[in-house]
Structure formats: structure tokens, C-alpha cells
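User: I am new to this structure and would like to learn how to read its features one at a time. Could you show me the general idea each time and then the case at hand?

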Amino acid sequence: MKPDSPKNQPKQAASAQGSEISSNSPNRAEELLRAIIQGTAATTGAEFFHSLVKHLAEGLHVRFAFVAECLPNLRARSLAFFQDQNFGQDFEYALPGTPCMEVAKGRVCHVPDSLPEVFPKDKAMIDMGTLSYLGVPLRGSDGRVIGHLVTFDDKPMPSDALALSVMETFAARAAVELERERAFEALKRRSEESEERYRDLFEEAPIAYVHEMLDSRFIRANRTALRILGIKPEEAVGTIGKSLVADTPENQRRLREAFESIGRGTDTGGVELELRRKDNGKPVWIQWWSRPDPSGQYTRTMFIDITERVLMEREKARLEAQNTYLQEEIRSEHNFGEIVGSNPALLEVLRQVGQIAGIDSTVLILGETGTGKELIARAIHDRSPRRERPLVKVNCGAISAGLVESELFGHVKGAFTGAISGRDGRFKLADNGTIFLDEVGELPAETQVKLLRVLQEQEFEPIGSSRTIKVNVRVVAATNRDLEESVRHGKFRADLFYRLNVVRLRVPALRERLSDLPLLVTFFAQKCAKKLGKHISSVSQETMRQLTGYSWPGNVRELQNVIERAVILSPGKTLVLAEELRPPAPSSGSSRREEAHSEIRNAESLLTPVAPGKNGGTLDDVERRHIEAILAQTNWMIEGARGAAKILNLNPSTLRSRMQKLGIKRPTKAA
């Protein structure tokens, strides 16, 4: 059977449409009118529905009244329930088998009496003693049924046109309110979803976002901002942004200009700032954009972390500066390319170099001008764990007193007149490496104080900066002065001297190692001849006598210059001196004189002519003796870190080839 057919209508349930109902009491009409006015007063939402059922029950003099909304799957849920002069708990129920099912189909359902017989399956109403029921549908703006308004009682409820009119009036008003409530809930839900999406975008954005007051006090900050700045979530609100900016002149200038721009109501774009993390004080660099809110009460700030980029740029600048320095070193030719000699005094120095190279103690190298103090410093560095990092050289005596501090420790832009850009000092360049302070005795007193701090604390401040820079540098110093004498005369700080004088090496003067003179002459003659495109194959005996008889106040450096001049001016393949050398200075004591004469005789023995009639000995003889001396020193070990090839700076196969050519063989042990 069809649901709308008369046979399907419940017994005694009558449709109110078109029914003629009379009212017997004019006072009751006033009561109902007052109920309509009071029940639909200026209330909305839940208050409206509660007011509605209360005034409806009181106006119609029934025990029960409720308003409900339709749910999916033939279910309904009450919005307000009035029972026996009190509000009852809201409930949800299934529609099938109840009179509300008829209302949900869009019809008014009126059961004047005997409801248990008409709807025997509605156990809930039957248990409440219900006899009568009147329900009208709530229709939405599109005509669909969205709920129902119901009164029921434990006594008969005759047909009443006025009661039905009141119910329909209340139902129309309730439908409008229910639609409004649903629209509001949908809008609220969408707003919450939108807010949640915005919050997710704000919180999870890879770019840092901060809302801050005009004094830089944080209102809110997203996770990225908190991570970059080292701020805990509970610390975010109230944090003063300005307090995180590094206290350097350049940073403070940029910050001041940015806030002046914000004060004028204009945006700031792409400002680079150095900050200090709140949790550990470590530096972090950001690029910052800020826009004042239209209200002018706060600013919206966005920034990105550029620390990695800045550090890469600084490392690049450091490497470029280091490369420039090394290129300058390469262009300025060293005194000699390797340490040449086998004199016991020199070998003792080299033995000490091997002992101290592996430790980080400060070394003070003493020796006259031109003895090769820098080469000893290089030897220490090349055999140390720092050999992969640079050896940075500073000639303290060649820099003016006003610039030596800037040269050593660097300066920031604007630190003094002419400082148009910042510059890293030599100590910064030498970080994790070695710095060689040549002529350290020439340092001004004020610079000595700062150097003492670096030696003690391994930290300093560039000129014009309050930022402390920490370095890890090994210091090797050298001087031709008597520093102890300078300390006694107040020209050199005693505490700095004690700091420098941890390990002391003394490089012997050339006059103290005359036995090395033939080797040095050979080395410089070959080097200069190659550079000048000449061929020198021998040294005259007269030349060697003059060389060994000279006192060499300028030591090895002077010898190099003399040999270079001789190579240039020698007419043939035999090396001859360009001019007469001065006679040797008198020796102090007969023992020293005998020692010098012995060394001269040894030197002359190296130059025995290969064949009679020649003007002098060949360079092959000198080279042979030099290689044999080095082999004897290494116990005839050719390869390895302590082998002869390493000392001679030759490939092992090249050394073996030279040994074969020169007829050098290891002597056999006596039986």
C-alpha cells in the first residue's frame, strides 16, 4: 500500500488541513496570542527554542512540547523539550513507528485520543502516558521538511483551529531559526577550518613569521622563527626582537634605519642582520622584511635564515685572502727552497725540529739575519698536524707601528680613517694553522699586550669591533735581537717573552757551519744558472778559498746574493767571483780559528779537480758528496718520510738514477 493512501493513515489520526475547528473561549485566544508574542520574542539560538516550547505548552495547556530537527537515516533530535513546567533532557530517536514519522513526510498529524492504539510501536510516548498528539512540520526555505514542532498530553486533545494556527506560526518561526542556526554553524565550521588552515600555514611555513609591536616586542611567532632564534614556545610572547641583534656598529645602524622606515609607515625589505640565538648566544644571520599593519599598532615580519650563505661567503673571502697571501708568498721568492747542509750544528737544530713539530707549544727561533729562521719555521709547520692549513708569515719589523695591530688582528669598516671596508687579520687567516712572527722584537708595546692575550686565551677583537674572535693558532716567533736584554731595558714585556720562550731554537750562523759552504754554493749556483739560462759546471779553487775565508755577516742570504751576482758575471762555465770579498773578521780565540781553518781545509778537499789542468773541481763531485752525506744521515734509507729522497726533495726513482749516474754505492760493512 502507498504511504499516502487513506488505508495507510493511522486510525483516528486526522489531517488538520481544511478542518473547521471552533474555539469556545475568547480568553484562550488572548492567551495564545500572548504566547506567540512572548515565545517569538527577541531571542535566538538555543534560547529561542527553549522559550518557544515553554510558552507553547503553557499557552495550549499541555504537559509536553518539543521541537526537533530531522537527521539522516530517519532519525530526529530534540532542540528543546518542555515537560510538566520544566525543561527535560534533549534526546535523539528513530522516526519509524511514531506519529513524528507522519510529520516528517510533510503532513500535520493530530491524534485527539487513544494514541497507544494508533501508534502501538511508540513505546516511549506510551510509557509517558500519552493519549493525544499534535505535530506540524518545519519547512526550510526550499520547502523540504527540516524538523517538527510537537505537543502531546495525557488527556484528550480535541481539534482546535486556533491551536493549529498557533502551532503553524510557531513552526514557521522555528524553521527560520533552525536554518539560521545551521547556516551559522556551517559558517563557523568553515571559519574554524579556515583558521586552522591559516594556523597550519603560519605555524608550519618554512619561512619565519613574527607579529611584533612597534617596539619589537613579539606578539606571536611561528615554529620556524622560534627554531632560528633559539626561543622556546612559552618564551615567544614578550620577547624583545631588538635584544637579539648583535651589538656591532654596522648591525645597529641597519636596525636603526629599518625602524625609522617602519615609523614612517613604509616597508623594510631584504635587510641583512646578525643576531644572537637566545638559547646559546651563537651567531645567526637573517634577511628581514617587515610591513606595518594598516592599523599602525604592530608589524608583520618575515625573515629567512642566511647563516649558511654568510658563512660560505666568509669562508670564500677567507680562502681568497689566504690564496692572495699565498700567491704573494710564491711571487716573493724564498731565501732558499730547502734546508741544505750536513753540519752537526744544523743537524742538531733539525733533530729538535722533528721533536717539537708534533706539539702545539710556542717556538722562539733565534739567529742572526739571513740564517734561515723562516725555513726552520716552515720545517716545523710542514711536519706538524697543521700542515694542511696555511703557514702565515708576518714581518713585524716591516710594518709601521700604526698598522701592525690591524695587520695582525684585522679591523671593521670605519674603524679608522681610510678603513673603507673590513679586513681579516693574519691571525684569522692562520686559524687552525701556524703564524710565523718574524722580527717579533720590533713589536710596539701596545701590540705586545694584545699578542700576549692571544697566546693566553686564543682570542682577540678586531680594531673597531666589540666582537671577540676565537682562533686556534700555533705561534712560531723569530728574532735576531737579544730579547732578554730588551726585557731588562723595558723595551719588551717580560710576560710576553716568557710566553714566547717555551721552546727555543738557535740557528747557527754560516761562519759556524763552513763545512756546508760547498753544498750551498753548488745549490745556489745551479738554481741561479737555471733561472738565468746559463750553464755553470765547476767552481774555481780560488773562488772557493775566497768564499770560505769570508766571515759572512749576512749569512746564507748574503751568500745567495754573492753567488747570483757571480753566475751573472762569470764569462764561462766556471764560477768566478765578480769582485774581491773583504778579508775574514778576526776570530775570538785560537780554538775557533783552528776550527775555521779545519772547515776551510775540508771545503777545499771537496773541490779537488777531476783531471789535471782544469781550473777547478766539477759540481758533480760536490753533488756526490752532498748525496752521500744525506744518505749517511738517513742510514742509506731512500724512501719514506725520513728517507733521503724526502730530505733532498726528489722522487725516489730520480734519486736512484742520480746515484747510478754519480757512481754512489752503499759501502760494504767490514767483516
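Analyst: What follows is a short walk from the whole chain to single residues.

Analyst: This is a predicted model, in which local features need pLDDT of at least 70 and side-chain atom pairs count only at pLDDT 80 or more, while totals for chains, interfaces and linings use all residues. Residues are numbered from 1 along each chain as its sequence is written, and side-chain values use heavy atoms, with hydrogens and water left out.

User: How many helices and strands does the secondary structure of the chain come to?

Analyst: Helices (H or I, at least four residues) and strands (E, at least two) are DSSP runs, numbered from the N terminus. In this chain there are 23 helices and 24 strands.

User: Which residues of helix α11 are buried?

Analyst: A residue is called buried under 20% relative accessible area, exposed over 50%, and partly exposed in between, with a 1.4 Å probe and protein chains only. Buried residues make up 45% of the 671 residues in the chain. Helix α11, residues 373-382, is mostly covered, since nine of its 10 residues are buried; these are Lys-373, Glu-374, Leu-375, Ile-376, Ala-377, Arg-378, Ala-379, Ile-380 and His-381.

User: With what is Ser-486 in contact, leaving aside its neighbours within four places in sequence?

Analyst: Contact means heavy atoms within 4.5 Å. Ser-486, which sits in helix α15 (residues 483-488), counts as buried at 13% relative accessibility, and beyond its neighbours within four places in sequence it touches Lys-491 and Phe-492. For the chain, among contacts between residues at least 6 apart in sequence, 63% join residues at least 24 apart.

User: How many salt bridges does a search of the whole structure find?

Analyst: A salt bridge is a side-chain nitrogen of Lys or Arg within 4 Å of a carboxyl oxygen of Asp or Glu, and the search finds 41 of them. One joins Arg-63 to Asp-84, with the closest N and O atoms 2.7 Å apart. This pair links distant parts of the chain, 21 residues apart, with Arg-63 in the loop between α2 (45-60) and β1 and Asp-84 in the loop between β2 and β3. Arg-63 is partly exposed at 27% relative accessibility, and Asp-84 is partly exposed at 34%.

User: Where do Glu-250 and Arg-254 lie, and what separates them?

Analyst: Glu-250 and Arg-254 form a salt bridge whose closest N and O atoms are 3.1 Å apart. They are separated by about one helical turn because they stand four residues apart in helix α8 (residues 249-263).

User: Are Arg-426 and Glu-407 buried or exposed?

Analyst: The side chains of Arg-426 and Glu-407 meet in a salt bridge of 2.8 Å, N to O. That pair links distant parts of the chain, 19 residues apart, with Arg-426 in helix α13 (residues 426-429) and Glu-407 in helix α12 (residues 404-409). Arg-426 is buried, and Glu-407 is buried as well.

User: Which residues other than glycine have a positive phi?

Analyst: Most residues other than glycine have a negative phi. Leu-74, in the loop between β1 (64-71) and β2 (75-83), has a positive phi near 55°, and Leu-74 is partly exposed with a relative accessible area of 46%. Gln-85 also has a positive phi, about 70°; Gln-85 lies in the loop between β2 and β3 (86-87) and is exposed, with a relative accessible area of 54%.
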